[in-house]
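Welcome to this structure, and thank you for taking a look.

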Amino acid sequence: MHTSKKILNLLLLLFSVVVIAQYPVFTQLTEKSGLPDVEFYDVVEDREGFIWLAADKGLFRYDGKEFKNYSHPDKRGLSVFGLKLDSQGKVWCNNVSGQFFYVNKDKLILFKDLKEETKGKLTNFIFYKNKLIVYNYRGIIFVNINNPMKMKIKAYDDLVRSVYVDHDSLFYHLGKNKFYSKDAENFSIVKEYENELYSEFPYMSWYYLSFKEEKFFLGVEKLGGKVDKTNNRVLVVENDRFINVNLPDIIKYTPIINYYKYQNLLWLATENGVFSCEYKDRKITIKQHFLKGQEVSKIIKDRNDNYWYTTLNNGIFIVPNIFLREFDLETEEKNITAIIKIDENKILIGSYDGELLLIDIKNNKKSKINSPFKEKIFGLVMFNDKKVIVSYKAHTVLLDIENFTSQDITNNLFAGVKDFSLIENNKLLIALYNGAIELNFKGEKQTVRTLGNIRSYTTFYSEKYNNKYVGYVDGVRMYDENFTESEILHNERNVFAVDIDETANGIVWLSTFKNGIYGLDKDSVIINYNTGNGLLSDLTREIKGDGDNLWISTNKGIQVLNTKTNEIKNLTRKDGINSYNISDIITLNDELIFSSNKGVFVLDKEKIFKRKSILNFYFTDILINNEKVAKKKVYKLRYDENKLQFNFHCNGFLAQENVKYSYKLSTSKNKENWNKLDKNINQITFNSLAAGDYVFTLKATDLNDDNQEFERVIKFTIALPFYKEWWFVISVFLLGVLFIWYRFNIRLKRVNTRQEVALEKARLQKELVSTKLETLRSQMNPHFTFNALNSIQNLILKNDKQEAYNYLTKFSSLIRENLHLSTQNFVVFEQELSLINRYLELEKLRFKDNFIYQIILGEDVEEVKIPTMIIQPYVENAIKHGLLHKKEGVKRIKIEFYISEGVLVSKIYDNGIGIKRSKEIQKANGVKRKSFSTKSIQERLLFLRDYYKTDIGVEYPEVKEGTMVVIKIPYLS
């Protein structure tokens, strides 16, 4: 036989049997979580839900999110002690130096310095009537709270054993006598006890407490006393006699630091953790002992039922829910992947690393089973009364839970098992990586019925209807007793299940990874729960039917649905759930056990749900235009104070976990709907609000109870801009009337001057129009026209019809564009440039290849507007008088445009015969008059220079060859 087979057939020995404790699930606050110290002496909760901490480094306040330090400039030393609340709710503390402080209006106030009276020793203090009562072993000091200068000191030779208030009277014990007072002024002796109080224990500190309608005195051996070992005592008062109460030895000889009473339990804070004790028949019995090894200095329960345990050297421990307990497992045993109930007293758990543990819940014992494989355990299922099937990553084992022998049943049928469901003894419904089967063990034989041939994840057998359910990769299918298959659909879509279970009413529930849970009546969906109707998340995981209740795990908490009332209750981090990665759930009579990657947990199904929290949230800061302002209910703001930010908070440890916030911003004209805020959002900002009256309402709703709500309202008004105010409008109107009247009078005085200016402008405009028309006429001079027509005639005679056609087309286009531009005073430069281009193209047709022209444009030239028909005549003159008479070489003309000193400069250069030679030719030909076009343009430029008052005109700089004309023209942007 193969070695591994031999191993699997060996007896599975119990590795060890040890006592396993259950202790409350706690969260530790340390320096890593923002805790300002690790040594704490006292803790108290005030009326607003703030937690106050007396520490070695000073006094701190915790709001559930941040720690704030309080100090005083005259305070001697850092450490503070003895946190208490007075009748007004103010927080008090003292220090070793005899200073007594209280907090008022968020500041630490020094009330009284009793340095001389306390002689540098830490004292206790209480409040009674309007007195601060400070006491130690040798005396009592009475200080009037309303007048700190009024003080009375009572010093004694005998020891002051205890000072306390009971039934509106102040008591203290001195030797054999018990004194009381109704006003802290006049004291009387109560009947002397028959046996002297504390006579056996002269070095003990005594604390008075009433417990279960009985009066006790807790005696704690004072550290530094003459007795070598610790002695703790509890005495009950019966008929004026002190009767000793039996204490367990571990409590009797463990130094007690403090105590706390809650309902029927007495909690003792000791140097070895916390003892939860029950009193009955003059005997104290330990119910729980946890935080072992921790020096616990104080215990309180806050208003949200969180238990706080301060320590002297290891920070603070918080138990969110005393009814949620954790099994004390080793670290390597905590990553649990599967659990199963063997019976009401025992459970079997499997881990990620293949560990198997049998836990006896009743006797608190843990048995480690020697697991044959160190692989992840996917599932556990009761095969019959004596055997459990254990599914590993690559193996499947049949485990006998009576003698712990095993049988490896790994084969092709059990490859990649994902889930089991027991149909009846020896018959299983199995989900596999490649399908789903029904497996029936008949003695040594196995019969298999295949249900599906694709990957499946979860299975369930409904005993009530004899139906089988399988969650495949492509949806869920139901198989009836005849194996007839029905597909589960919702809104004609497939449902993808990760777990399936049933409640007592016969509804089969499907848990999904994105749609919440579905309730089925056989194969029909009858209800869907999601975030819209009560679920914390639509991503649900393990579910478990528990009578009429359905327990649901989600990635945001655990919930329980009452299928009769449709009520849903929640358990989140606020309730102590330290991981939402729930791997399995089983139910017992009064308890529920669930596993996660953090271990195995047990909760009391009835007591686990806390009483309703106090939704007393408040605004921490209000900012206007990013500046903090005093918190008020009504604000009057300027028009430019239109950015508002509201920061808010709910006090308490993890208080935000069970609170939903929503808000609305309403105006007189617009009633807004509620807007929901995402979890852990504690800030709302409004930007650029318009003028008007606003009502901002912020609402907190309990996650477990939509009927429990708390609202805060802030009203604010944003004023109109001053220029929209009625007084400003009227003022502007009156000023306008005055201005018009003033301007009218000025106009009357200057009417002649303005008329003259207007007439002059009209004259200039008329001259511009006149010169423009003359320029047009000059451009249409007969020379050019006749030359053009002669060129066309020559082309026709040469029978060059295509060239004649092209020439005539360009000539007609030039004429048409000239006529169009003549109607405008200013045109875009591109239009003028187009005209020049057309003209040069026409001339090139005339001169053939013997003529070359070039146009150069400067930056930003093309976007300006210029006066029309100024440049083209000078280009025509350059050709007519300069190039036309050039006999040899190629005729060239270059035109350059650029902007300089507020004008458009046009340089026209030709390589013709020059101005001097041209005049000689004109004289020889009998031409005496100056070119009409040149004359009209120069007159026009002169008018423009007078109008625009800038350097405008025509220049003829000397050049070595040919002629250059520089024209400066005004332009508009």
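This is a predicted model: local features need pLDDT of at least 70, side-chain atom pairs count only at pLDDT 80 or more; totals for chains, interfaces and linings use all residues.

1. Let us begin with the overall make-up. The chain has 973 residues, and 48% of them count as buried. Its secondary structure comprises 76 strands and 11 helices.

2. How much of the contact pattern comes from residues 24 or more positions apart? Among contacts with a separation of 6 or more, such pairs account for 52%.

3. You will find Val 91 in strand E9, which covers residues 91–94. Is Val 91 buried or exposed? Its relative accessible area is 4%, under the 20% cut-off, so Val 91 counts as buried.

4. Now for the surroundings of Val 91. Setting aside neighbours within four places in sequence, Val 91 is in contact with several residues, including Trp 52, Leu 83, Leu 85, Phe 101 and Val 103. Asp 46 is another of these contacts. Although Val 91 and Asp 46 are 45 residues apart in sequence, their C-alpha atoms are 7.2 Å apart in space.

5. Please look next at strand E45, residues 467–472. Since 6 of its 6 residues are buried, the strand is largely enclosed by the rest of the structure. Asn 467, Tyr 469 and Gly 471 point one way from E45, while Lys 468, Val 470 and Tyr 472 point the other way.

6. Which strands pair with E45? One is E44 (residues 456–462), which runs antiparallel to E45 and is joined to it by 6 bridges. Within this pairing, Tyr 461 has Lys 468 as its bridge partner. The two strands form a hairpin with 4 residues between them, and Asn 466 in the turn has a positive phi of about 60°.

7. The other partner is E46 (residues 475–479), also antiparallel to E45, with 5 bridges between the two. Here the hairpin passes through 2 residues, and Tyr 472 stands opposite Gly 475.

8. Because Glu 438 lies in strand E42 (residues 435–442) and Lys 468 in strand E45, the pair ties together parts that are 30 residues apart in sequence. Both ends are buried: Glu 438 has a relative accessibility of 11%, and Lys 468 has one of 4%.

9. The whole structure holds 30 salt bridges. In one of them, Asp 106 meets Arg 61 at 3.4 Å, N to O. Asp 106 lies in the loop between strands E10 and E11 and Arg 61 lies in strand E6, so this pair links parts that are 45 residues apart in sequence. Asp 106 is partly exposed at 38%, whereas Arg 61 is buried at 17%. Together with Lys 68, these two residues are linked in a network of salt bridges.

10. A last pair to view is Asp 86 with Lys 90, whose side chains form a salt bridge at 3.5 Å, N to O. Asp 86 is buried, with a relative accessible area of 9%, while Lys 90 counts as partly exposed at 22%.

Notes. Residues are numbered from 1 along each chain as its sequence is written. Side-chain values use heavy atoms; hydrogens and water are left out. Buried means under 20% relative accessible area, exposed over 50%, partly exposed in between (1.4 Å probe, protein chains only). Contact means heavy atoms within 4.5 Å. Two strands pair if DSSP finds at least two bridges between them. A salt bridge is a side-chain nitrogen of Lys or Arg within 4 Å of a carboxyl oxygen of Asp or Glu.
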